[in-house]
Amino acid sequence: MPRKLSSRAYMKKNYITLLLLIVVSLAYGQKFTISGYVNDKNTGETLIGANVIDTQNENIGTSTNAYGFYSLTLPAGKHIIAVSYLGYQTDVYEINLTADTKHNFDLSEGLLMDEVVVTSTKDDARKNVESTQMGSIDIPIEEIKKLPVLFGEVDILKVLQLLPGVLSAGEGTSGFYVRGGGPDQNLLLLDEAVVYNSGHLLGFFSVFNSDAIKKTTLIKGGMPAQYGGRLSSVIDIQMKEGNNQKYAAEGGIGIISSRLTFEGPIVKDKSSFIVSGRRTYALDLAQPFLKGGNFESTNYYFYDLNTKLNYKFSDKDRIFFSAYFGRDVFKFRQPKRDFFFDLPYGNSTATLRWNHVFSDKLFFNASAIYNDYQFSFRGGQDQFIFKLFSGVKDWNGKLDFDYFLNNVHSIKYGLNFTYHTLTPNTAQANNGDVDFNTGFLPKYGQETAIYIQDDIKVSNNFSLNAGLRGVMFSQLGPYTSKVSGEEFGRLEPAITYTGLEPRMSFRYGLSKNTSIKGGVTMANQFLHLVSNSASTLPTDVWVPSTETVRPQRSIQYATGYFQNFQDDKYETSIEVYYKTLKNQIDYADDYVNDITKEVEDAFVYGKGRAYGAEFFLKKAKGKLNGWIGYTLSKTERSFDGIEGGRWYPAVYDRRHDLSIVGNYQLTKKLEIGGAFIFGTGKWYTPTKGFFFTEQTLNLYYGPRNSERLPSYHRMDLSLNYTPNPDSKRKWKGSWNFSVYNVYNRKNPFFINFETNTDFNSGTTSIEGNQITIFPIIPSITYNFKWNQ
């Protein structure tokens, strides 16, 4: 049984143990494995990415996987093991390995003033130079909650937009683009379930409630082989498991919404739960003022609910069940005109997982996943009623293995299968005795993938992550071919696409604090979202690969220089990338939205390229912390059906993008935060003139994306006030004061072109007006926590 050491005992034992270790290893040459879980001592939550290091040999160590499991193989004899995790006290243990051993480590939050500094222990900053993974960033939830927010709503996706290589889709929105990819090329996972629409309030808030989130990881370069189905990035969000030690609650009351989270043990140390809810109410409060007016009963609100249960049968077997349900509800009413419409939409996900430890070196997880995105519209006036529906539904099964072969090879392999049901914009209309129905049928597909990857430590200075992912997608019946007219029955493949996706990244250490990294990633994407707007909207439709819609493909090359300074107080990186994209999809220049036609009939296909450089400086320690991120990039597209194949800038091409983020602890009670954002203006297609056909005014446009909006910039500030930070009371409260767009910059959201006719002179002119959405916006939120 490992024995925890004090600071003085650790220093005394250090050199003696090293000598004994050498003697025993030479004498016997035997090796044994210590394995188990690393947990939060107070809540029982597993810690993802915690480090378990042999302090006598800084090159021998491991990190916990996505479920908090670790496995470390060492020579027989005595060892000093250090266990660390960002924001937690580092614990040091003495172990005497004489056989394979199972042991769970429990870490406490916070840092002790007299804590032993173990120089060989890797923390989050060391991963900047020592991990083979590049273009990957973990952001602690507590760090996210300190930043300024819009309307008092903490938003994970808006924080990701402050990182280099990640661009905002528009003012205040949660949509984003990564390294020149479109909004559909980002894989958003919530406990392994794909989230197809990440926005509430038409995209201005994300669907992720920060109180229910345990960890958020962004991967934008060197995508590991276990991920697939998208070209640009992975945002892997994992929910909390629930406190298995005691009951606890937290929440917040803001100006437009409130939230509440409750968690606790079902069976102490074995089972726990968490339930988290959120709802907006701004327009609910306005209902008394709307009564009797033109907009009586008009309302817009959103809500979401997260829940998770887990049960530990033994150290070898655990099960988890998590679910999410969220809806936006927009009700518009004009009783005097007998006009109305309802617009509900949202996501549902459910994940059932079973963890099993086959041996000290083999960890297994099986997942059954369901996700469903639905959009619907119902409106009308007098006797006319119109309905519209679209959606995506998936059933997914996954098997994943982590095999800790030895301290040189850490292998992951697995397979997954997904059955897709995609419903296009199906429209119905009724006007008295007249009925209309587009009659579009759902499209079906199955997606299969198998992968293997090996994280190889070749030497002390050189490590390599090599992986291969094989993918196959089939469009399934019932379906009638548009090309040949052939009919395919239920589950019968109409067309099948396959692909191999090699993934490779490496790291070479130039010194203890400096390394260079590089990698190449190939990917295929079989589901597509083509938007006619600058940002994704709920009305945008997902379509599968078919006999006419081919899979998107990409190859990304990246390399970078990474260095830490001043005992890992500062971490820096410079990354450059080049990405090629094939089978990109867009609408033709003459596209007109016609609900009687399937959207894929209006697609044109082309290619793309994106390249750039990303600069990142982060300070993670001390009273002042934060980061500076800058991206210099270019993104272009070319379509034979658009202006003869001319290369033109994509709407999400942004030459310069700068973010400066900081937090400063003034006192125990006061902490201030700020963010400054600057970005080159977005491209748009200008209106150049007009012409008349049979007395109808028609506009004609200039070259696609040939003009830019003015540059975007703003500053946000926040103040967090905790009245009693040292209080031992069960109830603790704090106040967050935020100001969005402090100096009231009128940033353009889009340009609205209007025609003006002077009837006296008989002349018509076109005028473009800049539309701004968000002026300076102050907000206040009361946050609270309660522990049993």
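Start with the charges: this predicted model carries 84 positive and 79 negative side chains on its protein chain. The centres of those two sets sit 7 Å apart.

Now for the fold. The protein chain is built from five helices and 52 strands. Its radius of gyration is 28 Å, close to the 28 Å the globule rule gives for 788 residues, so the chain is as compact as a globular protein of that length. Along the principal axes, the C-alpha atoms fill a box of roughly 100 × 65 × 45 Å. Burial comes out at 54% of the 788 residues. Take contacts between residues at least 6 apart in sequence, and 65% of them join residues at least 24 apart.

What about the inside? In soluble globular proteins, nonpolar side chains tend to be buried together. Here the largest nonpolar core has 41 residues, and L163, L190, F208 and W627 have the most contacts inside it. Several elements each supply at least two residues of this core, among them α3 (141–144), β13 (186–190) and β43 (670–679). The biggest giver is α4, with four residues.

Leaving out residues up to four places away in sequence, W627 touches, among others, E143, L147, V159, L162 and L163. Its contacts also include F616, L617 and K618, as well as S659, I660 and V661.

Definitions and conventions:
Residues numbered from 1 in each chain as written. Predicted model: local features only at pLDDT ≥ 70, side-chain atom pairs only at ≥ 80, totals over all residues. Heavy atoms only, no water. Rg over C-alpha atoms; globule rule 2.2 N^0.38 Å. Buried < 20%, exposed > 50% of the residue type's maximum accessible area, 1.4 Å probe, protein only. Contact = heavy atoms within 4.5 Å. Lys, Arg positive; Asp, Glu negative; His and termini not counted. Charge placed at Lys NZ, Arg CZ, Asp CG, Glu CD. Core = buried A, V, L, I, M, F, W, Y, C linked by side-chain atoms within 4.5 Å.
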